[in-house]
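This report describes the strand arrangement, the ligand site and the salt bridges of one protein model. The sequence and structure come next.

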Amino acid sequence: MSSLAGCRKAEPAHAETPHAEPSRTEFLLGTVCSVTLYDQAEDSIYRDIFSRIDEIENRMSINISGTDVDRINAAAGVSAVQVHDEVFAVVERALHYAEISGGAFDPTVGPLVALWDIAGENPRVPSHEEIDAVLPLISWRDVELDRDNRSVFLKRPGMRLDLGAIAKGYAADEAVEIIGNAGLRQAIVDLGGNVLTYGVKKDLSPWRIGLQNPGDGRGSYVGVVHGAAMTVVTSGDYERFFEEDGIRYHHIFSPFDGYPARSSLSAVTIITASSMDADALSTAVFVLGYEAGRALVESLDGVEAVFIFNDKSIRKTAGANFILSDEDFVLVGD
Ligand code: AMP
Ligand code: MG
């Protein structure tokens, strides 16, 4: 299964203690989704949130037949497909990130996702020939949007849209929208590690979000990001992968060579206001690597990042409130 999933966590990624608070968890978007409402909340609000996430999955997943994205893919090279407004908006935003990342973020990675099947039943290392055969299909510039008709057209047969790197962020933003409209004051939404905090905590202390240790199993943190309401989204090589001959093949692909993106980075965390933006950016920066990725982050307002390297060093942008707690790692200043 690869769908919208970026990662699957047994434990919520956040450092707060949700289980002491009313918290609900469901498996949606191919991942563990948990919502913690700190106010006295009606059951119906949880239901509204999860059914909204379910609705988004039913529009954007590539693993459910008949979703808008599935219909776009089925019509690749043949015809434009009219989609729901929100699908159109997310595709448009995905193409924006493709553009500003120079194609490192590419929502048309679908054929690579299918070929490698990293998180599926038959993950394997494809031959160079197989990879070369699909590379021309990884081509965000061949996605044609028609704003008037709200339609999306993949120009080449065999192209395949995959919103797995951005849809969880969008869903998290939409969950928080419901929470705000319900008049609640504080909440955490964690969609498979796509964490969004809402409001101000009762004791006025900052929110604290743990960053996963990339080398460890689940639930151990290298440190904590703290601050006012924010989103904290991580892309890493440990989220979904298989190993063969001692090499880790993970789920974030370089659209340039068709292999899992390789660099000195093990994980990238983006801290900003919109979870959709953070989701796209964490994937983009992971593919770009440290130098180009950091330059992209620093070109954007209100976006901070924490970079965890394979050698256990960590760097962060000036405004990132990250406190290291694991002594195996070193925070390197600039
Ligand atoms: P994330 O965990 O948000 O970094 O998203 C990873 C998921 O996005 C993968 O499981 C793929 O479905 C998809 N994906 C992989 N590589 C890319 C890429 N270079 N650009 C956009 N989406 C990608
Ligand atoms: Mg992402």
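In what order do the 3 strands of the open sheet with antiparallel pairing stand? The order is β8-β9-β16. The model is a predicted one, and the description below applies to it as such.

Leu 324 in β16 is the bridge partner of Gly 223.

**The sheet of 9 strands**

Another open sheet has 9 strands and mixed pairing, in the order β1-β2-β6-β7-β10-β13-β14-β15-β17. Strand β15 (residues 313-316) runs parallel to β17, and 2 bridges join them. Ile 314 has Leu 331 in β17 as its bridge partner. In general, the strands of a sheet pair through backbone hydrogen bonds, parallel or antiparallel.

**The ligand site**

Ligand 1 is surrounded by 19 residues, of which Asp 106, Ser 235, Phe 253, Asp 279 and Thr 283 are the closest. By class, this shell consists of 10 nonpolar, 5 polar and 4 charged residues. Helix α7 (residues 275-288) supplies the largest share of the shell, 3 residues.

| Residue | Distance to an oxygen atom of ligand 1 |
|---|---|
| Ser 235 | 2.6 Å |
| Thr 283 | 2.7 Å |
| His 251 | 3.3 Å |

Ser 235 and Thr 283 are also named among the closest residues of the shell. Taken alone, ligand 1 exposes 500 Å², and the protein buries 98% of that area.

**Salt bridges**

How many salt bridges does the model contain? The count is 19. One salt bridge is formed by the side chains of Arg 52 and Glu 55, with an N to O distance of 2.9 Å. Arg 52 and Glu 55 are separated by about one helical turn, because they are 3 residues apart in helix α1 (residues 43-60). In general, side chains of opposite charge can pair when their charged atoms come close.

Conventions:
Residues numbered from 1 in each chain as written. Chains lettered and ligands numbered in written order. Predicted model: local features only at pLDDT ≥ 70, side-chain atom pairs only at ≥ 80, totals over all residues. Heavy atoms only, no water. Pairing = 2+ DSSP bridges. Helix = DSSP H or I, 4+ residues; strand = E, 2+ residues; numbered from the N terminus. Near = heavy atom within 4 Å. Polar contact = N/O pair within 3.5 Å; in protein donor to acceptor, adjacent residues only side chain to side chain. Areas by Shrake-Rupley, 256 points an atom, 1.4 Å probe, with all protein chains shown as cover. Nonpolar A, V, L, I, M, F, W, Y, C, P; charged D, E, K, R; others polar. Salt bridge = Lys/Arg side-chain N within 4 Å of Asp/Glu carboxyl O.
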